[in-house]
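Please consult the sequence and the structure shown below while reading.

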Amino acid sequence: MQNGRTIFEHYANGGSASRRWPIFSGTKSFWGIAALAAVHDGLFSLEDPVSDTITEWKSNPRKSQITIRQLLSQSDGIEGASRLQRASIRDRNAMAIQLPTLAEPGAAFIYGPSHLQIFSELLRRKTRGRSVISYFETHVSNRLGLHDLKYKKDARGNPLPATGFELTAREWARLGELVVGNGNYHRRQIVPSTLLREVFVGSQANPAYGLTLWLNQEAPNGREVDMERMLDLPWQNAQWPSVCICKDAPADMVVALGSHYQRLFILPSLKAVIVRQGSGGNFSDAQFLRLVLGRVE
């Protein structure tokens, strides 16, 4: 899509415009928008200590220092805990807030579902026990016209914000339109533009990851890497400084990224949104973007 108009759309292998497809970790980015909506509502600020709300952390020397921004940028130092995705867990929130820290807050990027699960508990407490899903639907998904989403709830009704949504390409593109529109979607301001800027701010631990969206800000001089392959490495081995997704894509590009190369590329300077959904096969973000942007030599 460019300037709000679809300029190319194609479905292979029997796919269609109406078929919903798992976006895996692309789900995280929607919850990042919900977090900004909550900031706008005055529920908290990004620099607030999480322990102001999750008071069990107050006596822990590391956890007491963690900010909400660090939760959302996965730089809080807490174990990633992919096991939180198991359907058998009765209360993911309770498990998540008890996870150990593996590094000092702000010192390491440790990817996994734990951080947003903890955020979900924080939001639940901030809304005084109101349904987190209800808050999300009121402030984000309903405003984007997205309904009947799969939240992968546990036995307590807690959603799994790290993954789970299934969307058509057109539906996923709506998040891109929101970002290109500076927080405005079809004349509805979902988050103020001043707050949306926080999405584009990386952390010291990983400058290529903002608030639940991946960044390309080191382009054109950064080291081009496959982010998905980097995430397969043990967190101690991944080298995040000076990396980018594609040297030949604009530096203001942000990306929602899901396993098996589910991608939402958002290019604000070009007023463009690109959705790529797929299953198996080889794929390169950088090469794909060069082809789409006509930058192949």
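Which residues line the largest cavity? In this predicted model, the lining consists of Ser25, Lys28, Ser29, Tyr111, Tyr209, Thr212, Trp214, Val255, Ala256 and Leu257. Strand β8 supplies the largest share of that lining, three residues, and β8 also belongs to a sheet of four strands in the order β5-β8-β9-β10.

**The cavity**

- A search of the whole structure finds one cavity of 30 Å³ or more.
- The volume of the largest cavity is about 30 Å³.
- Two elements, α1 (27-40) and β8, each give two or more residues to the lining of this cavity.
- Classified by residue type, the lining has six nonpolar, three polar and one charged residues.

**The sheet**

- The sheet is open, and its four strands, ordered β5-β8-β9-β10, pair in an antiparallel manner.
- At the edges stand β5 (214-215) and β10 (272-276), each of which pairs on one side only.
- Two bridges join β5 to strand β8 (residues 254-258), with the two strands antiparallel.
- Within this pairing, Leu215 is placed opposite Val254 of β8.

**The helix across the sheet**

- Helix α9 (residues 285-293) lies across two of the strands, β9 (262-267) and β10.
- The direction of α9 makes an angle of about 50° with β9.

Definitions and conventions: Residues numbered from 1 in each chain as written. Predicted model: local features only at pLDDT ≥ 70, side-chain atom pairs only at ≥ 80, totals over all residues. Heavy atoms only, no water. Pairing = 2+ DSSP bridges. Contact = heavy atoms within 4.5 Å. Axes fitted to C-alpha atoms, helices over the stretch in contact; angles between N-to-C directions. 1 Å grid on protein atoms, 1.4 Å probe; cavity = no way out; pocket = protein on both sides within 12 Å on 5 of 7 lines; lining within 4 Å. Points joined across faces, edges and corners; volume = space filled by probe spheres on them. Nonpolar A, V, L, I, M, F, W, Y, C, P; charged D, E, K, R; others polar.
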